Amino acid sequence: MLAIGTTTAAERQARFRALLASSEPEYLMEAHNALAGRIVEETGFPAIWASGFGIASSLGLRDSNEASWTQVLDIVEFITDATSIPVLFDGDTGFGNFNNFRRLVRKLGQRQVAAVSVEDKLFPKTNSFVGECQPLADVAEFCGKLRAGKDAQSSDGFCIVARTEALISGRGMNEALDRAAAYHEAGADAVFVHSKATTAHEVLEFAARWDRRAPLVVAPTTYHGTTCAQFREAGISMVICANHNLRASVRAMQDVSARIFRERGVAGAEPDIASMRDIFRLVNQDELTHAEAEYLLPVLAPEPPLAPAPAAAAPRPVPELSREGATPRAGVAAR
Ligand code: SPV
Ligand code: MG
């Protein structure tokens, strides 16, 4: 059984730092809610990408800061509560200027988050794959934001990943490298170079010219043909699978909805969907069953009669749990 939410912020931060320092490209998987986070951890990924796009989309919103930063923070808290591996939180542009960003950094530390990624676009942001030539933040202003974030973090282990959108915005390789160097100088623990090219040529050239000055992070959403060996050879530390659980779940829901609608019955869908037992396991239902045996059932157990009951007396009823509190008594029996 997974340890749920028992890992301290310091442990998660130390593990995240070790992943950044690893000579092997470490793959991070996207989670947009706590259930997805449990699946990412259970699968074996060493860390979670709490995707801004994924969280916004799962709320039915655009990746344009339509959800407030505290609404997003609440979701990441559900993710850290439900998991024990490090979470890299997608902090977009930091939800404002240096002051908003440093407050975000403090709050993330309080909520067991290991690291934040902050990108050099303008608030409210637009997703990198929408439109062309998005305006970028002034370099000095963004460096001030990074320095404020580093000064605000309450523990040394917390990491700030500076993400440059220079390639996405068509500013060219030299500007991307100059921005990354300035952000590293300002205290960023790693550089995330984002690209929407359909091959990895941009990030590979960037990596070659970057020459391992600080850990490099990439997200091969569009250059998905690139292999782990190519990333290893380029010296890339982290590979973010930024939206794959969201996209997989959307496809699965579309398929099962269409099938049940078409067939006017649920039987055909049954072999292709997760069992109820699987969901109970992911939310650790057994832990509650055991906790009830420990804390609740002694209270509900019938008291011994004070005097011998008359032969004709009806048996004393056991108080029932409310509907909301009713759970299986001995493990989970449903399919
Ligand atoms: C996200 O997952 O929210 C990202 C990555 O920022 S991307 O959508 O590729 O810009
Ligand atoms: Mg994002």
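**A walk through a predicted barrel**

The largest pocket holds about 750 Å³ of space. Keep in mind that this is a predicted model. The pocket's lining is made of 23 residues. Nearest to the centre are Ser249, Ala252, Met253, Ala274 and Ile279. Which helix gives the most to this lining? Helix H10 does, with 10 residues. Helix H2 (34–43), H10 and H11 each supply at least two residues. Now sort the lining by residue type. It divides into 14 nonpolar, 4 polar and 5 charged residues.

Stay with H10 and H11 for a moment. H10 covers residues 244–263, and H11 covers 276–282. A loop lies between them, and Val266 is found in that loop. Is Val266 buried or exposed? Its relative accessibility is 53%, so Val266 counts as exposed, because exposed means over 50%.

Next, turn to the strands. Eight of them form a closed barrel, in the order S1-S2-S3-S4-S5-S6-S7-S8. The pairing is parallel. On average, neighbouring strands of this sheet are turned by 25 degrees against each other, direction ignored. Take one pair as an example. Strand S7 spans residues 216–218, and strand S8 spans residues 238–241. They pair in the parallel sense over 2 bridges. Look across from Val217 and you find Met238 in S8.

How many cavities of 30 Å³ or more does a search of the whole structure find? It finds 1. The largest cavity holds about 90 Å³ of space. It is lined by 13 residues, and those closest to its centre are Gly52, Ala56, Asn65, Val72 and Asp92. Helix H3 (residues 52–58) gives the most to this lining, with 3 residues. By type, the lining of the largest cavity divides into 5 nonpolar, 3 polar and 5 charged residues.

Finish with the cysteines. Cys143 has a relative accessibility of 12%, so Cys143 counts as buried. The cut-off for buried is under 20%. Cys159 is buried too, because its relative accessible area is 0%. What about disulfides? A disulfide needs a pair of cysteine sulfur atoms within 2.5 Å. By this rule, the count comes to 0.

Note on methods. Residues numbered from 1 in each chain as written. Chains lettered and ligands numbered in written order. Predicted model: local features only at pLDDT ≥ 70, side-chain atom pairs only at ≥ 80, totals over all residues. Heavy atoms only, no water. Helix = DSSP H or I, 4+ residues; strand = E, 2+ residues; numbered from the N terminus. Buried < 20%, exposed > 50% of the residue type's maximum accessible area, 1.4 Å probe, protein only. 1 Å grid on protein atoms, 1.4 Å probe; cavity = no way out; pocket = protein on both sides within 12 Å on 5 of 7 lines; lining within 4 Å. Points joined across faces, edges and corners; volume = space filled by probe spheres on them. Nonpolar A, V, L, I, M, F, W, Y, C, P; charged D, E, K, R; others polar. Pairing = 2+ DSSP bridges. Axes fitted to C-alpha atoms, helices over the stretch in contact; angles between N-to-C directions.
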